Structure formats: C-alpha cells, structure tokens
Amino acid sequence: SVESNLSGDSKVVFEKNSDACLPIASLTKLMTAIIVLDNYNLSDTWKVSKVADSQASLKQDVKLGDTLSVNSFLQIMIVESSNKSAYALSELIGTPAFVELMNQKAKEIGLNNTFFADPTGLSSKNTSTTKDLAKLAEYILKNYPKIADISKSKELYIMGFGSVVNTDELIGEVPEIVCSKTGFTIPANGCLLLVIKNPKNNDYFINVVLGADDRFSEMKKLINLSNATCN
C-alpha cells in the first residue's frame with residue numbers, strides 16, 4: 001500500500017514482496033486502456049472479429065460481429081473485464097503493434113519490472129510487481145482520469161449492448177474508491193488494484209494485491225493496515 005498526493009511525494013505504508021515479479025491477469029487492461037486513449041478516437045466504431053470472439057468469454061460479453069464504439073468497448077473492458085473487448089480494441093492498429101506500444105509505455109513510465117505479452121492479461125507472461133503497479137495507478141490518476149472514472153462505476157449502461165456490472169465486489173462496500181481493477185487467471189490467482197481517497201488530507205492510498213486466494217478479503221486487510229498505520 002502506498003500513500004500518494006500525486007505530486008511526486010509518495011510513501012510506502014505497507015509492503016510485502018513488492019519486487020516479486022508475478023502474473024497480473026486482467027490488471028493488464030489498465031495499460032490496454034492507456035494505449036487506447038493515446039491512439040484512438042473514442043467515437044470510432046469497430047467490429048468483433050473471429051479472433052477477438054475466441055478469447056475467454058464472460059457470461060454477458062460482446063460476440064462475433066457486434067459493432068460498437070471504441071468508447072463502449074473501453075467501458076466493457078474496464079468494468080466487466082471483457083477479454084473479447086480488450087482484444088478487439090488491440091486489432092484497430094494490429095495486436096502485435098498494440099502490445100509493442102504497451103511495453104514502450106511501460107518503459108516510459110519507469111515500470112522496469114513489467115512486461116506485456118497480450119492486451120487481455122490471459123497470458124501468464126503478462127507480469128509486473130506491486131511496486132510497478134502502484135506507479136502505474138499514480139500515472140493513471142494524474143494523466144488518464146477517464147480510466148479511473150470508468151473503473152469505479154458499479155454498473156454502466158452501454159448503448160447497443162446493455163448493462164455491465166463491475167467485477168470488483170468492494171465497490172459500494174469500501175468508501176472513497178477512485179480507481180479499481182480486478183484480475184484472475186489460474187496461474188495469476190486473484191489480483192486487485194484499488195485506489196482510495198484519504199478523506200483526511202486528500203491523499204490517495206494505492207493498494208495492490210497479487211496472487212491471492214481471496215483477493216477481496218486480502219484487500220480489506222491491506223486497507224485496514226494502511227488506515228491503522230496512517231492514523
């Protein structure tokens with residue numbers, strides 16, 4: 001857990017194995033969202049291809065032939081963690097070129113222990129550390145508030161698709177959430193990034209859990225530890 005005021009003054013409140021390089025599953029999609037905002041026009045439309053449709057699917061997901069705006073795919077990807085949406089977005093400039101941009105951006109931000117192999121997080125080669133992910137969260141809050149705003153929505157209605165419900169069950173339960181992203185694959189286990197506003201001083205607590213059997217209860221423990229340390 002890191003306390004940050006986004007002006008470069010950050011202090012680590014609690015850490016355990018923060019340099020361990022681990023698979024990050026769908027936390028990958030935070031970088032996917034950055035590359036989308038850097039390179040695309042949100043009102044452009046795109047169609048779900050066969051390859052995008054073949055990605056691991058959710059109960060309610062986009063499907064082959066669905067045509068939506070880039071903005072709609074972005075919202076579905078962030079809130080519902082749709083792999084199909086993430087892959088479809090990468091295809092606008094070609095997936096290999098898109099992944100290259102993800103890795104370039106990681107270098108630019110100074111995420112020295114982070115590597116991306118795909119835009120979805122399904123590959124266990126998408127790896128990072130909790131330290132790098134905290135830095136990524138800070139970068140998003142400063143430069144891409146739209147990603148944070150979408151990510152904290154409990155539910156969103158997408159024109160031409162329907163409602164998407166956030167995969168983070170702590171939204172609505174934990175107060176002052178400003179940014180959130182879940183991740184889960186069998187190799188990565190449970191992953192969760194959660195940024196909370198500290199109402200006392202307008203700083204932020206950036207909390208990252210990787211490789212957890214129960215990411216939500218581990219996150220609650222981490223939040224309680226941070227609060228106890230800072231009070």
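## Briefing on a predicted protein model

In helix H3, the residues Val70, Asn71, Ser72, Phe73, Leu74, Gln75, Ile76, Met77, Ile78, Val79 and Glu80 are buried, where buried means under 20% relative accessible area, exposed over 50% and partly exposed in between, with a 1.4 Å probe and protein chains only. Because eleven of the eleven residues of H3 are buried, this helix is largely enclosed by the rest of the structure. The model is a predicted one, in which local features need pLDDT of at least 70 and side-chain atom pairs count only at pLDDT 80 or more, while totals for chains, interfaces and linings use all residues. Residues are numbered from 1 along each chain as its sequence is written, and side-chain values use heavy atoms, with hydrogens and water left out.

**Overall make-up**

- The protein has eight helices and eleven strands, which are DSSP runs numbered from the N terminus (helices H or I, at least four residues; strands E, at least two).
- Of the 231 residues in the protein, 56% are buried.
- Among contacts (heavy atoms within 4.5 Å) between residues at least 6 apart in sequence, 60% join residues at least 24 apart.
- The protein exposes about 10,300 Å², with carbon and sulfur atoms supplying 50% of it; accessible areas come from the Shrake-Rupley method with a 1.4 Å probe, and for residues only the protein chains shown count as cover.

- Just after H3, serine 81 takes a positive phi of about 60°.
- Serine 82 then caps the N-terminal end of H4, with a side-chain oxygen 3.5 Å from the backbone nitrogen of lysine 84.
- Helix H4 spans residues 83-90 and is mostly covered, since eight of its eight residues are buried; they are Asn83, Lys84, Ser85, Ala86, Tyr87, Ala88, Leu89 and Ser90.
- The cover over the buried residues of H4 includes helix H1 (29-39), strand E4 (45-47), helix H2 (50-53), helix H3 (70-80) and helix H5 (95-109).
- Threonine 95 lies in helix H5 and counts as buried at 13% relative accessibility; not counting residues up to four places away in sequence, threonine 95 touches Tyr87, Ser90 and Pro119.

**Nonpolar cores**

- A nonpolar core is a set of buried Ala, Val, Leu, Ile, Met, Phe, Trp, Tyr and Cys residues joined through side-chain atoms within 4.5 Å.
- The largest core has 57 residues, of which Met31, Ile34, Leu133, Leu136, Ile147, Leu193 and Val195 touch the most other members.
- Apart from that core lies another, of 13 residues, among them Ile171, Ile177, Leu192 and Ile196.
- Isoleucine 34 touches Lys105, Leu136, Tyr139, Ile140, Tyr144 and Ile147, again leaving out residues up to four places away in sequence.

**Aromatic pairs**

- The structure holds two aromatic pairs, meaning rings of Phe, Tyr and Trp (its six-membered ring) with centres within 6.5 Å, where planes under 30 degrees apart count as stacked, over 60 as edge-to-face and the rest as tilted.
- Tyrosine 40 and phenylalanine 98 form a tilted pair, 6.3 Å centre to centre with 40° between the planes.
- Tyrosine 40 lies in the loop between H1 and E4 and phenylalanine 98 in helix H5, so the pair ties together parts that are 58 residues apart in sequence; both residues are buried.
- The rings of tyrosine 139 and tyrosine 144 have their centres 5.9 Å apart and their planes at 45°, so this pair is tilted, and both tyrosines are buried.

**Cysteines**

- A search of the whole structure finds zero disulfides, a disulfide being a pair of cysteine sulfur atoms within 2.5 Å.
- Cysteine 179 counts as buried at 1% relative accessibility, and cysteine 191 is buried with a relative accessible area of 0%.

Methods. A polar contact is a pair of N or O atoms within 3.5 Å; within protein, one must be able to donate a hydrogen and the other to accept it, and residues adjacent in sequence count only if both atoms are side-chain atoms.
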